[in-house]
Amino acid sequence: MLKIEIDARSGFCFGVTTAIGKAEEELAKSRALYCLGDIVHNGSECERLRALGLVTIDHDTFRSLRDAKVLLRAHGEPPATYALACERRIDIIDATCPVVLNLQQRIKRVYCEPQRPQIVIYGKRGHAEVLGLVGQTEGNAIVIECLSEAQTLDFSRSICLFSQTTKSLDGFREIVDYITAHIQPPATFRYFDTICRQVANRLPNIQAFATRHDVVLFVSGLKSSNGRVLYEACRRVNPRSYLVDTPAALQREWFDGAQSVGVCGATSTPKWLMEDCSRAVRQLMGEEDETGRGVGDDE
């Protein structure tokens with residue numbers, strides 16, 4: 001019988017768990033609740049919450065609201081969002097991840113220094129978290145996505161480097177080493193390792209998990225940056241790794257000759273969706289009875 005294991009370390013990070021918990025708590029009160037942007041980069045989870053009454057809006061719609069209740073997701077928002085909410089009497093449910101909030105505050109403090117350095121953020125340009133970070137500097141921070149972009153910085157001016165919380169530790173250290181080697185005194189270089197370890201530690205853990213199985217199903221929303229990074233990490237150590245966003249994406253031929261399947265996911269992947277994919281594999285392989293239980297499953 002095919003052995004299927006769901007990775008115990010996969011699934012929502014603390015920030016996403018908190019945001020969804022706050023949304024469910026408000027929705028249980030039967031009051032209208034908006035969310036500014038997708039609460040999580042997973043379509044299936046967003047659809048579940050939509051069925052409970054959560055309405056996802058964009059920033060244009062947010063600017064047209066008045067006397068409403070709006071949840072801010074874990075990614076955080078720039079100061080302008082809070083100012084607009086105050087102006088239009090919008091009640092904010094703030095679910096900004098504590099790690100992101102701490103990072104925002106650090107950037108704001110550096111930006112307010114008398115001798116303001118170049119504030120550089122290692123992150124994905126246009127990402128919701130990065131937009132919130134850049135907002136702490138009134139739009140003046142420099143965003144770099146890779147080492148080659150770091151090479152274009154002005155090394156004759158002081159630099160202060162931060163990172164989006166979900167970026168690669170290796171990529172960050174590579175940039176730190178390059179700037180350290182090229183800064184031109186009297187200019188100074190400071191850096192803050194603001195990468196979330198709960199997220200960063202997933203990469204080595206998930207690679208170890210992927211090597212234990214013949215086939216790996218990586219379950220993730222297709223818009224998840226974190227999901228793409230972790231999926232590629234799985235594929236590097238196990239070429240029979242497949243990215244799926246729903247059980248409907250499964251293909252029978254992926255499992256030919258396999259004796260074990262590992263099911264894992266991103267920090268934005270709900271456990272229930274990984275469990276649904278596990279059951280779908282058993283159905284696909286003819287290993288579930290009419291009750292939906294896997295043949296040979298323990299009580």
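Helices (H or I, at least four residues) and strands (E, at least two) are DSSP runs, numbered from the N terminus. On this basis the protein chain comprises twelve helices and twelve strands. The model is predicted: local features need pLDDT of at least 70, side-chain atom pairs count only at pLDDT 80 or more, and totals for chains, interfaces and linings use all residues. Residues are numbered from 1 along each chain as its sequence is written, and side-chain values use heavy atoms, with hydrogens and water left out.

The C-alpha atoms fill a box of roughly 70 × 50 × 25 Å along the principal axes. Of the 299 residues in the chain, 49% are buried (under 20% relative accessible area; exposed is over 50%, partly exposed in between; 1.4 Å probe, protein chains only). Contacts were taken as heavy atoms within 4.5 Å. Among contacts between residues at least 6 apart in sequence, 70% join residues at least 24 apart.

Helix α4 spans residues 79-87, and its buried residues are Thr-81, Leu-84 and Ala-85. They cover an arc of only 105° around the axis, which puts them on the same side of α4. The arc is that of the directions from the helix axis to the C-beta atoms. An α-helix has 3.6 residues a turn, so residues three or four places apart point the same way. The face turned away from the buried side carries exposed Ala-80, Cys-86 and Glu-87. The cover over the buried residues of α4 includes β2, α3 (59-64), β4 (69-72) and β5 (91-94). Just after α4, Arg-89 takes a positive phi of about 55°.

Thr-81 lies within α4. Thr-81 counts as buried because its relative accessibility is 5%. Its side chain makes a polar contact of 2.8 Å with that of Glu-77. A polar contact is a pair of N or O atoms within 3.5 Å; within protein, one must be able to donate a hydrogen and the other to accept it, and residues adjacent in sequence count only if both atoms are side-chain atoms. Beyond neighbours within four places in sequence, Thr-81 contacts Leu-36, His-59, Phe-62 and Leu-72.

His-41 sits in the loop between β2 (33-36) and α2 (43-52). With 17% relative accessibility, His-41 is classed as buried. Neighbours within four places aside, its contacts are Arg-73, His-75, His-127, Gly-221, Lys-223, Ser-224 and Ser-268.

Ser-224 also caps the N-terminal end of α11, with a side-chain oxygen 2.8 Å from the backbone nitrogen of Gly-227. Helix α11 (residues 225-237) has 13 residues and reaches 19 Å from first to last C-alpha, close to the expected 18 Å at 1.5 Å a residue. The expected span is 1.5 Å times one less than the number of residues. Asn-226, Gly-227, Leu-230, Tyr-231, Ala-233 and Cys-234 are buried in α11. Viewed down the axis, the buried residues of α11 fall within an arc of 155°, so they line one face of the helix. They pack against α9 (197-200), α10 (202-211), β10 (215-219), β11 (241-244) and β12 (260-265).

The largest pocket holds about 430 Å³ of space. Its lining has 18 residues, with Thr-166, Lys-167, Ser-168, Leu-203 and Val-229 nearest the centre. At least two lining residues come from each of α8 (169-182), α9, α10 and α11. Helix α11 gives the most, with four residues. On a 1 Å grid over the protein atoms alone, a pocket is an open set of points where a 1.4 Å probe fits, with protein on both sides within 12 Å along at least five of seven lines; lining residues have an atom within 4 Å of a point. Grid points are joined across faces, edges and corners, and a volume is the space filled by probe spheres set on the points.
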